[in-house]
Amino acid sequence: MSDGHQHNGHESVPSRQRRRFPGISTRAYEHPADRSALVALRKLTGFDTVFKALSGLLPERSLRLLFLSDSVRVSDRQFAHLNDMLRDACYILDLEKVPPMYVKQDPSPNAMCIGMDEPIIVVTTGLVELLDEEEMRAVVGHEVGHALSGHSVYRTILLFLTSLAVRVAWIPLGNVAIMAIVTALREWFRKSELSADRAGLLVGQDPQASMRGLMKIAGGNHLHEMNVDAFLEQAEEYEAGGDLRDSVLKILNVLPRSHPFTTVRAAELKKWAASRDYQRIMDGHYPRRDEDKDASVRDSWRESASSYADDVRNSKDPLMKLVSDIAGGAGDLGGRVRRGFGGFTSSEPRPPKPGPQGPDTPSGAEGDEPPRDGA
């Protein structure tokens, strides 16, 4: 807990009592998309073979020695305020063994939880210097959530395979199989970030601090120049804006990324913080680990499918609207697609095109053909 003193330039807020969640199951905070993406990943052809091979080959001991020799290990004598947050996060989420945490010199704000046998948490100096105590508490809780969910194993494999894919890129078709697994791992990891954001909120128990932290990661340490509500409005604009071409570009933009876009994470977290599920956890009603063995896989899949269906049904994205219309049996599908890619996202029919010399078309004009790129 915070002790009200100042550590390394971080002024602590007065300590306050936070709820603890004894025996909490990861099912309490895991995003349905995280669970379903992980199941899909495990079913990917070749993944089991790669996983088993890498489990024995990855230099776990070397990884630990690297951080031990070239980073600062958090303890009661080094970065004591981070050590307090780490122990507090593990206490709140009831993670019995506290993972080692290291601070690595890197101006880019980042944090990760890696390790095959046991998780290691690494935070960069850029992140430590960027966030205040309550924002940092949410980040530490985020990483402890990764550790509790067992995400560190897959994150480590993703880091290794990404590096391997670069090394064998010159071999014809040499990295096709690797990139297929990397792409699937990235898709899962983006979803797992949404779960870990929820874990961070359960630890910090301060939605505004979680939002501020995400906003700072996106825009830097300029809180006086930023506004949480305006930041969340960006997420709405990002989702709803443009036509089908923009929907495709969004997909292409996110594919190389390991993390979802920050505005999207903030919007997802705000929605969960306002949900009945979050309030029930805060009231002490949540699934326990000792019940995990009795949890129904079918129920988990049903929950994931229901979540995806709700996302599609409520989405303002043009592509998701089209998917919803297809599921609903909307007519004139070809016309809808053509209009979508032409910048027409409305379901209203387009007006008939006048003749080349009609009253609404100047001589030599192209009617209402959309302009081509470069025109």
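These are my notebook entries on a predicted model of one protein chain.

**Ground rules**

I number residues from 1 along each chain as its sequence is written. Because the model is predicted, I kept local features only at pLDDT of at least 70 and side-chain atom pairs only at pLDDT 80 or more, while totals for chains, interfaces and linings use all residues, and side-chain values rest on heavy atoms, with hydrogens and water left out.

**Entry 1: the whole chain**

I started with the overall tally and found 16 helices and 6 strands in the protein chain. Here helices (H or I, at least four residues) and strands (E, at least two) are DSSP runs, numbered from the N terminus. Of the 375 residues, 41% count as buried; buried means under 20% relative accessible area, exposed over 50%, and partly exposed in between, with a 1.4 Å probe and protein chains only. I then looked up contacts, meaning heavy atoms within 4.5 Å. Of those with a separation of 6 or more, 71% are between residues 24 or more positions apart.

**Entry 2: the sheet**

In what order do the 4 strands of the open sheet run? I read β3-β4-β6-β5, with mixed pairing; two strands pair if DSSP finds at least two bridges between them. The edges are β3 (72-73) and β5 (111-114), each pairing on one side only.

I went through the partners of β6 (residues 120-124) next. β5 and β6 run antiparallel and are joined by 4 bridges, and I114 has I120 in β6 as its bridge partner. These two strands form a hairpin with 5 residues between them, and G115 in the turn has a positive phi of about 125 degrees. β4 and β6 run parallel, also with 4 bridges, and there V103 is bridged to V123 of β6.

Is β6 enclosed or open? I count 5 of its 5 residues as buried, so the strand is largely enclosed by the rest of the structure. I120, V122 and T124 point one way and I121 and V123 the other, and all are buried. In a regular strand the side chains alternate between the two faces of the sheet.

I followed helix α6 (residues 133-149), which lies across β4 (101-104), β5 and β6 and runs at about 20 degrees to β5. Axes are lines fitted to C-alpha atoms, for helices over the stretch in contact, and angles run from 0 to 180 degrees between N-to-C directions.

Helix α4 (residues 80-92) packs on α6 at an angle of about 50 degrees, with the axes 9 Å apart. That makes α4 oblique to α6, since angles under 35 degrees count as roughly parallel, over 145 as roughly antiparallel, 65 to 115 as roughly perpendicular and the rest as oblique. From α4 I noted L82, M85, L86, D88, A89 and C90, and from α6 E133, M136, R137, V140, G141 and V144. By class, this contact has 8 nonpolar, 1 polar and 3 charged residues. Ala, Val, Leu, Ile, Met, Phe, Trp, Tyr, Cys and Pro count as nonpolar, Asp, Glu, Lys and Arg as charged, and the others, Gly among them, as polar.

I turned to helix α9 (residues 207-219), whose axis comes within 8 Å of that of α6 and crosses at roughly 85 degrees. That makes α6 roughly perpendicular to α9. E134, E135 and A138 of α6 meet A209, S210, R212, G213 and K216 of α9, a contact with 2 nonpolar, 2 polar and 4 charged residues.

**Entry 3: α1 and S195**

Helix α1 (residues 32-42) is mostly covered, with 8 of its 11 residues buried; among them are P32, D34, R35 and L41. I checked S195 in helix α8 (residues 176-204) and found S195 buried, at 0% relative accessibility. Which residues does S195 contact, leaving aside neighbours within four places in sequence? I found Y29, E30, H31 and D34.

**Entry 4: D283**

My last stop was D283, in the loop between α13 (276-282) and α14 (297-314). At 46% relative accessibility, D283 counts as partly exposed. F21 is 262 residues away from D283 along the chain, and their C-alpha atoms are separated by 9.8 Å.
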